[in-house]
Amino acid sequence: MVFKARASKMGDLMTNPRLKSETLSETAKTYLKEWLIQSKYKRKNVFTNKYVEKGNLNEEDGVTLASIYFRDYLDTDTEYKENDYFCGTCDINHEKHGIIDIKNSYSLKTFPMFAEKIPDAKYEDQVKTYFELYNNRKGGIMYVLTDMPLELLEREIKWLETDDEKQEKAINFIFTLDNWKKAKEKLFPNAGEIEFVEIPKLERVKFFKVDYDEDWVEKAINKVKESRKYLVNLK
């Protein structure tokens with residue numbers, strides 16, 4: 001049972017410890033304890049919430065927006081990869097455009113439309129791990145803004161009392177006119193008329209390029225080695 005860092009958790013492993021004398025942060029140690037329990041006792045921690053649920057349901061919509069952005073056909077990658085230190089499966093592995101990791105924003109408020117840098121640095125660590133796993137050392141992180149499925153939208157607004165209140169909240173989760181008409185007909189048919197402005201596809205995509213970093217790879221490998229030492233002594 002040899003520890004290999006999952007790409008999606010690499011950001012936790014790479015966090016800096018509070019003391020210079022330490023090699024692993026408390027966040028990293030928490031991840032390692034969870035990994036040991038799951039590996040030793042053959043349990044899998046299935047984490048989900050409304051943000052993860054939307055991302056899973058809208059995975060293909062995100063890939064479609066990525067294809068439109070790059071003006072090229074992109075397909076979801078399903079191949080699990082591992083090497084001596086890392087493991088995981090990326091969203092897109094494309095010969096020309098590289099590794100593309102898609103983050104499906106939950107709402108208009110959480111979409112980084114005007115951000116100049118990656119909102120969460122942990123995602124950069126994830127992509128850099130994929131660079132090594134797939135031997136494809138270019139690409140980046142793509143935030144997409146897709147319409148919320150109606151079953152999720154219904155749960156999001158059901159606690160509101162009036163159709164007007166539901167409509168006011170729902171407009172922050174639907175961005176195309178066709179789906180807005182469907183949502184209004186099903187979920188708040190008695191709401192008053194408002195102006196619905198459709199957000200164009202390319203304005204619902206935000207791409208952040210990630211550069212290959214050989215020094216980062218060395219640090220990441222060292223973190224895995226330190227993690228293995230920690231796990232040996234963990235009781």
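I shall go through the overall layout, the core, the salt bridges and the surface patches.

This is a predicted model, in which local features need pLDDT of at least 70 and side-chain atom pairs count only at pLDDT 80 or more, while totals for chains, interfaces and linings use all residues. Residues are numbered from 1 along each chain as its sequence is written, and side-chain values use heavy atoms, with hydrogens and water left out.

Let me begin with the layout. Along the principal axes, the C-alpha atoms fill a box of roughly 65 × 40 × 30 Å. To give a sense of distance within the chain, the C-alpha atoms of E154 and K81 are separated by 37 Å, the two residues being 73 apart along the chain. E154 belongs to helix 6, residues 150-157.

I turn now to the interior. Of the 235 residues, 45% are buried; buried means under 20% relative accessible area, exposed means over 50%, and partly exposed lies in between, with a 1.4 Å probe and protein chains only. Which residues have the most contacts inside the largest nonpolar core? They are F3, M10, L13 and F86, in a core of 36 residues. Helix 1 (10-13), helix 2 (26-40), helix 5 (121-134), strand 6 (139-144) and helix 9 (214-232) each give two or more residues to this core. Helix 9 gives the most, with seven residues. A nonpolar core here is a set of buried Ala, Val, Leu, Ile, Met, Phe, Trp, Tyr and Cys residues joined through side-chain atoms within 4.5 Å.

Next come the salt bridges. The structure holds 14 of them, each being a side-chain nitrogen of Lys or Arg within 4 Å of a carboxyl oxygen of Asp or Glu. One of them joins E82 and K4, at 2.8 Å from N to O. This pair links distant parts of the chain, 78 residues apart: E82 is in strand 2 (residues 81-82), and K4 is in the segment before strand 1 (5-6). E82 is partly exposed because its relative accessibility is 45%, and K4, at 22%, is likewise partly exposed.

Another bridge, between K103 and D101, also has an N to O distance of 2.8 Å. Are these two residues buried or exposed? Both K103 and D101 are buried. In the bridge between R137 and E132, the closest N and O atoms are 3.5 Å apart. R137 has 40% relative accessibility and so counts as partly exposed, whereas E132, at 17%, counts as buried. Finally, K9, D12 and K122 are linked in a network of salt bridges.

I close with the surface. I68, Y69 and L202 form a nonpolar patch with about 250 Å² of accessible area together. Such patches consist of residues with over 30% relative accessible area and no salt bridge, with nonpolar side chains (Val, Leu, Ile, Met, Phe, Trp, Tyr) joined within 5 Å and like charges within 9 Å. Accessible areas come from the Shrake-Rupley method with a 1.4 Å probe, and for residues only the protein chains shown count as cover. Y69 is found in helix 4 and is partly exposed, as its relative accessible area is 33%.

Key
Helix = DSSP H or I, 4+ residues; strand = E, 2+ residues; numbered from the N terminus.
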